Amino acid sequence: MNNEVGAMSVDQARAAVEGLIAEGEKLFVEPAEEAVSQLVQLGPITREFFSRYSTLKTRLGGFELSSSSIQASEYVDGFVSIGHSEDWDVVQRLGSDEVFVVEGFETCEEEMEIRFPSVYHLAVDEAQQG
């Protein structure tokens with residue numbers, strides 16, 4: 001994670017995501033149209049994110065957060081998958097807003113080092129990568 005992104009408050013990261021969406025070059029969204037039952041298992045910031053956007057993805061579509069793909073993680077017990085990239089999964093603990101990036105079935109919680117304070121921080125970081 002970019003240190004500048006990690007130092008942002010949630011409000012700053014949310015505003016940065018909104019700005020990137022408005023620019024229309026790096027992040028693209030589909031607005032949320034209906035409540036998603038899986039949201040109750042997510043943290044408050046993540047619930048708010050998915051109440052606004054059903055899908056957020058990068059320009060080339062390699063990275064995506066989607067309310068339609070919220071499910072128990074295939075990789076880490078007790079975690080929920082909220083999105084993916086080409087070679088990794090985006091997961092959270094039940095009820096938490098901290099975001100982890102995992103790769104493959106050999107990942108255990110102790111090995112999960114890439115963390116973001118919220119989905120907004122992750123989205124800003126991804127937009128800066130592409």
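How many of the 5 residues of strand S6 (89–93) are buried?

View 1. Of the 5 residues of S6, 4 are buried, so the strand is largely enclosed by the rest of the structure. All views are taken from this predicted model.

**View 2. The neighbours of S6 in the sheet: strands S5 (79–84) and S7 (99–102).** S5 and S6 are paired in the antiparallel sense through 5 bridges, and they form a hairpin with 4 residues between them. Within this pairing, Phe-79 stands opposite Arg-93 of S6. S6 also pairs with S7 in the antiparallel sense, over 3 bridges, and here Asp-89 is placed opposite Val-102 of S7. The hairpin of S6 and S7 has 5 residues between its strands, and Gly-95 takes a positive phi near 75 degrees in it.

**View 3. The buried face of helix H3 (44–52).** Ile-45, Thr-46, Phe-49 and Phe-50 are the buried residues of H3. Viewed down the helix axis, they fall within an arc of 130 degrees and therefore line one face of the helix. The elements that cover them include H2, S2, S3, S5, S6 and H4.

**View 4. The largest nonpolar core.** This core comprises 30 residues, of which Leu-65 and Ile-82 touch the most other members. Among the elements that each supply at least two of its residues are helix H2 (10–23), strand S2 (53–58) and helix H4 (119–129); H4 gives the most, with 6 residues. The contacts of Leu-65 include Phe-49, Phe-50, Ile-82, Val-90 and Leu-122. Another core, of 5 residues, lies apart from the largest one and includes Val-76, Phe-79, Val-91 and Phe-100.

Key. Residues numbered from 1 in each chain as written. Predicted model: local features only at pLDDT ≥ 70, side-chain atom pairs only at ≥ 80, totals over all residues. Heavy atoms only, no water. Core = buried A, V, L, I, M, F, W, Y, C linked by side-chain atoms within 4.5 Å. Buried < 20%, exposed > 50% of the residue type's maximum accessible area, 1.4 Å probe, protein only. Contact = heavy atoms within 4.5 Å. Arc of directions from axis to C-beta. Pairing = 2+ DSSP bridges. Lists of a residue's contacts leave out its neighbours within four places in sequence.
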